[in-house]
Amino acid sequence: MNEVTGREENSSSWWRIFTLKESVLKKWQFERSMRKEHEAEQQRYMDEYMDEIKKPQAEASNKITEPQAESSETFGDIDSHEKISASHLRLGVVSIALFNEDVMVYACSGAAVRHWHANIRDHHRIFVTSARLAHKFNDNRTRDDNLRIEVYTHDNATLQRFLGLYDENLDIAMVTSFNLKCVYTLDTCNPVDLPRGTRNNKLFAFGRATTGTLMGTKCSHPVFNDKGLVSVTCKISETGLGGPVIYFGRDGSGHIAGLITGYCQEKTTFVPTKILHEWLKSLLLITSETSHFRGYSLPDGVKTVIPSGFVVRSKILQSLGYPLPPPLVFELNGRLASRFEEYFGQFHYWDGYPFDIPYRYGGEKLIWEQFGKDVMNKISQCVVTIASFNGKIRSFACTGLLIKGRDCPFVLTSASLVRTGDAEGKINETLSIEVFLPPNHSTEGILEMYHQNYNIAIFRLKHDLNTAISPQDIFTSQESRNNKSVVAIGRAPKGAHGLLMASMGEVKGKYNVVTKRKNKHLTGPRQGLDLDCEELLLSACQIKEAGIGGPLIGLDGSFIGMNFYDESGTTPFLPRIEILRVLYKGFSLLERWPVSKPYWCLGGQGDVLDQLRGKVLM
């Protein structure tokens, strides 16, 4: 008998070891598959980008253009050099070079100006130059994406530098250097009043070669065009593009008259100081002194240069429907706030997830352990990720709940999923919908009905998810009366592996009542909205955008309501009874609920939550 028992124990032990090894192998294989998929996706985005830039390059090569001088060519005369040699203005003229690894592919001039980024605390200097530098930067990108820019001063010092943005209308680019070295700056606050259409021998165009050589030549016959730009008679080389035009008065004092942006044979074009000053002031005012950029946008014709090493990241951001950051935010480790991929609460890993490293919650009681096994299985099989797409670009992503219908399951979620996102917030019924359950089960969703006043939408599954599902019966199931503690459930988007998330809290009462009482003691940062929806309730659960449309449940798994998000640190929700009332009555299109959009902020410069404005409910 003991011998048989021993055999059974050995067999059981062997089977456990085999099962464990098989489980580890499956996880390793799945992790390898995920990593390969990620690498293939990055390669695809880089291929798409290279195809995008090849087309305009091919079109440009087919155009007949004027022959241009090489970047290494110098220009000028001795008289002009002597004119500026005694002036401090010569110290503000720099050379700017573009390198692909160790090979210089382009060089031009630039001017240090007396302007600063008010939201950047580190010591920095702004240089202006020709937009040709930005075009060359984009034209010379390779798959290695290893371009860099160097700024050379009058004493051949090399400064750390970043190409931020450029204006296609004015042909100006802005370069920022982070360096403690003191560089003389040209003052653009007092523009020179140039006489029109007359001979003027007090204007000089200057530039600097990469060797440190200062170049200068006389200019004459300034002519203004209808855009306010000035054309003068003088001959420069490609190296002089981006250099300053200096006006010397009768007393010999010099003033910056403009910035060189173009040349052709013996004609040189420059942007007058007044226009240059207003351009700098308007662009730097956009960022002001804030470290977050909610609603940020650039004027027409002004474009941001994607820095080296960030092409794939920028393409991924655009495919997810996110805005690209303002200049220098990539380089300064800025982060994108209000992302759909932001996690909240405590995780629950799906079976076979290869990265299920135990997470420490600082002494918090584990929420998922408070659910019974049956409740856990139901949550895993009825809470889905749902996303909308405009073509290949994602528009919105949130959580949905599979609910029972008469003949088939439906997904209950927020109507924000199919709104346009503009001021009107209209419903866009042309968006494609993807319903996802991990690890890799997805199907198309069909919009069946919506109610914007209550922010509810119902979707039908076009095909089965090909995995076990357990739709909730919210119509006939009874809500538990013993729900002192409630749990907000969400599922991360597909790109964030579809992990389940949970946050526990208590129901606090009616949303508008609690919000008004709380707003009396708060200003701006954590205030809620004043919404005309008396049925809306509030829980102390804390979620993120990914939890929008997710269920609020009791510890027994009973459905209590659907969650929304208002950035206030609490969670508004529409109770089950109101959802049923709307579903039974049928839907009509009423007023909209505003939707917050993702925005960029600079990391490490203040608590972003303390600077939030314009709270919105989604």
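These legends go with several close-up views of a predicted model.

Residues are numbered from 1 along each chain as its sequence is written, and side-chain values use heavy atoms, with hydrogens and water left out. Because the model is predicted, local features need pLDDT of at least 70 and side-chain atom pairs count only at pLDDT 80 or more, while totals for chains, interfaces and linings use all residues.

**View 1. The whole protein chain.** Let's start with the overall picture. The protein chain has eight helices and 31 strands (DSSP runs numbered from the N terminus: helices are H or I with at least four residues, strands are E with at least two). Of its 618 residues, 50% count as buried (buried is under 20% relative accessible area, exposed is over 50%, and partly exposed is in between, with a 1.4 Å probe and protein chains only). Mean pLDDT, the predictor's confidence in each residue from 0 to 100, is 81 for the protein chain, and 78% of the residues reach 70 or more. One stretch to view with care is residues 520-530, where pLDDT stays under 50. Where pLDDT is low, the predicted coordinates should not be read in detail.

**View 2. Phenylalanine 310 and phenylalanine 330.** Rings of Phe, Tyr and Trp (its six-membered ring) pair if their centres lie within 6.5 Å; planes under 30 degrees apart count as stacked, over 60 as edge-to-face and the rest as tilted. By this rule there are 14 aromatic pairs. In the pair shown here, the ring centres of phenylalanine 310 and phenylalanine 330 are 4.7 Å apart and the planes are at 15°, so the rings are stacked. Phenylalanine 310 sits in the loop between strand S15 (302-304) and helix H5 (311-319), and phenylalanine 330 in the loop between H5 and strand S16 (335-337), 20 residues apart. Phenylalanine 330 is buried, at 4% relative accessible area.

View 3. Tyr343, Phe347, Tyr349, Trp350 and Tyr353 make up one aromatic cluster. Elsewhere, the charged end of arginine 148 sits over the ring of phenylalanine 99, 4.5 Å from the ring centre (this requires NZ of Lys or CZ of Arg within 6 Å of the ring centre and within 35 degrees of the ring normal).

**View 4. Helix H8 and its strands.** Arg576, Glu578, Ile579, Leu580, Val582 and Leu583 are buried in helix H8 (residues 576-585). These buried residues pack against several strands, including S20 (410-414), S22 (441-451) and S30 (571-575). Contact here means heavy atoms within 4.5 Å.

**View 5. Backbone details to look out for.** Most residues other than glycine have a negative phi, and most peptide bonds are trans. Proline 438 and proline 439 are joined by a cis peptide bond, with omega about 5°, and proline 439 lies in the loop between S21 and S22. Serine 338 has a positive phi, near 60°, in the loop between S16 and strand S17 (346-348); serine 338 is buried, at 7% relative accessible area. Histidine 497 also has a positive phi, near 75°, and lies in the loop between strand S24 (486-491) and strand S25 (500-505). Histidine 497 is partly exposed, with a relative accessible area of 25%.

**View 6. The loop with cysteine 189.** Cysteine 189 belongs to the loop between strand S7 (172-177) and strand S8 (203-208) and is partly exposed, at 45% relative accessible area. Its C-alpha atom is separated by 8.1 Å from that of threonine 273, 84 residues apart along the chain.
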